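The following note sets out points on the fold for a colleague to read alongside the coordinates. Each point can be checked against the model as displayed.

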Amino acid sequence: MKHKSLDLVCFGRSSVDLYGHQVGGRLEDMGSFAKYVGGSPANTAIGTARLGLKSGMITRVGDEHLGRFIRETMEAEGVDVQGVKTDPERLSALVVLGIQDKEQFPLIFYREDCADMALCEADIDEDLIASSRALLLSGTHLSTPTVAAASRKAIAIAKKHGTKVVLDIDYRPNLWGLAGHGDGESRFIADNNVSQHLQAFLPDIDLIVGTEEEFHIAAGCEDSLEALAIVRTMSMATLVCKRGALGCRVFEGDINGWQSGAEGAGFEVEVFNVLGAGDAFMSGLLRGWLGGEDWPTSCAYANACGAFAVSRHGCAPAVPSWQELEYFLEHGSEHYALRFDPVLNHIHRTTNRNKQHKRLVAFAIDHRHQFTNWAKAAGKSPAYIAQFKRLAVQAAQQEAGQDPGFGMLVDDRMGRAALHQITSTKAWVGRPIEASGEFPLQLEAEGDIVQHLYDWPLNQTVKVLCPYRLDDDAATRKHHEQLMLQLDRACRFTGHQWLLEIITARDGNSPAFDQVAPIMQHFYDLGVKPDWWKLEPALNDDYWHSVGQVIDQNDIYCQGVIVLGLNSTIECISEAFNAAAKQPWVKGFAIGRTLFDEAAQGWLQGSLNDAEAVALMAQKYRLIIAAWDDAQAQK
C-alpha cells in the first residue's frame, strides 16, 4: 500500500467569494466586497490545513487572475495543489454573497460552465488519492454527469488503496437546478431525483456529514430520525448530523433516537454569518477524526470551529488555526460575539498569516529626503530619483530575486513605479507611511489611516519609522504613542501587516541602545503589537538578548526583528550581524544607504551610468547577504 503522505484530499468545488463588506442590507445596496477563496471542498482543504492536517485539493481553476488567486491562496495556506488543474477555456467559479440579517444571506452563484464543473475522470490522479488517508467529496458536485463520473472514479481509487471516503452532503438546491439564480441561499427543496442520485453513492462512503435538512434530501424523507435510519439501511458509514445550536450527533450503529448517537455539545455564541459554518465544522471534525480523537473530542473541535465561522466575516478566512482552537477550548471567551475578542483576534490574525518568514534580506530604497538633497545638489529633477529607484529594483532582483527571503522597502512618493514593479512579484514588500525626515513623526498622507491604507495591496507591509526616546518630553512621547496605537488598530482592520522601526539615534548622536528594549515593552504595555520590529545594529549580545526577552514575554506570534543599517560600513554591519544572529527572533535585515549611497550620488552626478550603478549596488547587496549568512552559520 502506498505511503500516506497526506491526511486528506478534497475533491470538487473551488471558487472566489466576493463577500459584501456592509452588513444589514440587501446585496443591491452593498458598496464594496472582500475577496476570499470559496467552495465547500476548497474551504475544508484550507480549514484542515490551518488545523494542522496535511491536506490536498483536486479541482479546476481558470487560466486567469482569479484562478491564480485560488491556487496561490491554497498554496500559501499549506494545501497541496498538485491536483489543481488549470482549465484553458473556462473561467473560475464566482460567488457574490452578503449578510443581510440573522436569517437572510443573499447569494448568487456564477457557475455556468465554470472550470471546476469541468472536472473529469482524466483529472483524477491515482497516486494523489492513494497517498491520502481520506478523500472528501461534496454532494453538490455530484449534480452533473461529468463530475459525478469523476467522483465515482475517485471513490474506486480510494477503495483500492485503503483511503477512507467522506461525503459532505452539502446540498444547494440552486446548483441542482431546483431554484432560480436569485435564490442561492435556499438550503432545502425536496426532490426525489436528487435523493435517488445521492443514494447511489452512499454504500461506498465511510463518513457522511450533513445538517438535518441534508439528511432529508439524502433519504427522501423529511423526518430527521427517520431520514437517518433510511440512510443507515443504505450505508454502514458513520453518520454525523449537524443540529445548529443543539450541537451534533454521531451515529456509528443503528438509529434509536437522538440519544443513541454520541453527543457533540454546541457553543453559545452570536450568529453573525451562517455561510461557511458547515465547512468550518467539517474541518474541525476531520482534524479530530483523522487525528485519532474520540467522537466527543472530534465534535468539540467541529462545533468550536463552527462557532468561530458563524461569528466572523467570510468562509475559509473564518476557520481558526490550531493554536487558536486550542486556546478557545482551554480558556473560552468572555465575548458572546467572538469577532470582538481581542485575544482570539490577535491569535487568528497572526497564526493565519499567508507567509511566516524565517529569513528576510531586504534592500531598502524607501528614503526620500536624502534623495531630494542629492538630486538638488546634482541639479536633477525628481524624475531622476524615480528612475534610479527602478535601477535599485533591477540590482536587487538580479542579486537576490530567487532568494525566498528576498524583500524590498520602497516608497510610493518618489519610487511609485519601482514600488508597483516589486509589489507584483513574490518579494516581501515594505512601504513607508511616515513623512520623511520630520520630527515629531507625521504620516505622509493626511486624514484617517484606514482611509489611507484602503488602496494599499495587502502584500505591502506598512512600515513606520518612529523616532521614539524615553527621555523625550511628555507631549512628544504621547504624540508618538497615539499614532502607533492608531496605526496598530488600522492595520488590524485592513488586514495589512506592519513594521515598527525604532531609531533612537538623533542629531548626529549615537543610538541609545539601553532604551530599545524598554521602548518595545512600553509599546506592548500600550497594546501595540507590530508584526515586525526594525532595530538599530548593536554589537552587544546583551542588547539582542533583552530584545528577544521582551518579544517572548509579550507576543510569541510576532514575525520577528530585522536589523537596519544607519549608513554604517559593511564591516560594521557584519559585526552587528554576528551579535544579532544569535537571537532567534532576528530574521534578517533591511539595509539601505550602505547599499545605494555611493551609486545614487555617482549616478545623479553623471559619473556612473545605469549599468555601473546597478553593478555597484548588486555587489554591495551580495556582500551584505553573505555577511548575514555567515553570521547565521556561526551562531
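1. Leaving aside neighbours within four places in sequence, Leu 94 is in contact with Ser 15, Val 16, Leu 18, Leu 66, Ile 108, Phe 109 and Tyr 110, contact meaning heavy atoms within 4.5 Å. Leu 94 belongs to strand 6 (residues 93-99); helices (H or I, at least four residues) and strands (E, at least two) are DSSP runs, numbered from the N terminus. Between Leu 94 and Leu 66 the C-alpha to C-alpha distance is 8.8 Å, with 28 residues separating them in sequence.

2. On provenance, this is a predicted model, in which local features need pLDDT of at least 70 and side-chain atom pairs count only at pLDDT 80 or more, while totals for chains, interfaces and linings use all residues. Residues are numbered from 1 along each chain as its sequence is written, and side-chain values use heavy atoms, with hydrogens and water left out.

3. Strand 6 and strand 7 pair in the antiparallel sense over four bridges; two strands pair if DSSP finds at least two bridges between them. Phe 109 of strand 7 is the bridge partner of Val 95. In a regular strand the side chains alternate between the two faces of the sheet.

4. How many residues of helix 1 (residues 40-50) are buried? Eleven of its eleven residues are, and the helix is mostly covered. Among them are Pro 41, Asn 43, Ile 46 and Arg 50. Thr 44 also lies in helix 1 and counts as buried because its relative accessibility is 0%. Beyond neighbours within four places in sequence, Thr 44 is in contact with Cys 10, Leu 136, Asp 279, Met 282, Ser 283 and Leu 286. Just after helix 1, Gly 52 adopts a positive phi of about 100°.

5. A barrel is closed by eight strands in the order 14-15-16-17-18-19-20-21, with parallel pairing. The twist averages 25° from one strand to the next; axes are lines fitted to C-alpha atoms, for helices over the stretch in contact, and angles run from 0 to 180 degrees between N-to-C directions. Helix 20 (residues 593-605) packs on the sheet, where it touches strand 14 (360-365) and strand 21, and its direction makes about 35° with that of strand 14. Val 563 has Phe 589 in strand 21 as its bridge partner.

6. The axes of helix 9 (residues 295-310) and helix 10 (residues 322-331) come within 11 Å and cross at roughly 100°. The two helices are therefore roughly perpendicular to each other; angles under 35 degrees count as roughly parallel, over 145 as roughly antiparallel, 65 to 115 as roughly perpendicular and the rest as oblique. Helix 9 contributes Ala 300, Tyr 301, Ala 304, Cys 305 and Phe 308 to the contact, and helix 10 contributes Trp 322, Glu 324, Leu 325, Phe 328 and Leu 329. By class, this contact has nine nonpolar, no polar and one charged residues (Ala, Val, Leu, Ile, Met, Phe, Trp, Tyr, Cys and Pro count as nonpolar, Asp, Glu, Lys and Arg as charged, and the others, Gly among them, as polar).

7. Most residues other than glycine have a negative phi, and most peptide bonds are trans. A cis peptide bond joins Phe 439 and Pro 440, with omega about -5°; Pro 440 sits in the loop between strand 16 (428-432) and helix 15 (449-453). Leu 566, although not a glycine, has a positive phi of about 55° and is found in the loop between strand 20 and helix 19 (570-580). Asn 567, also not a glycine, has a positive phi of about 60°. Leu 566 counts as partly exposed because its relative accessibility is 31%, and Asn 567 counts as partly exposed at 35%.

8. Overall, the protein has 21 helices and 21 strands, and 57% of its 635 residues count as buried. Its C-alpha trace spans about 85 × 55 × 50 Å along the principal axes.

Terms used:
Buried means under 20% relative accessible area, exposed over 50%, partly exposed in between (1.4 Å probe, protein chains only).
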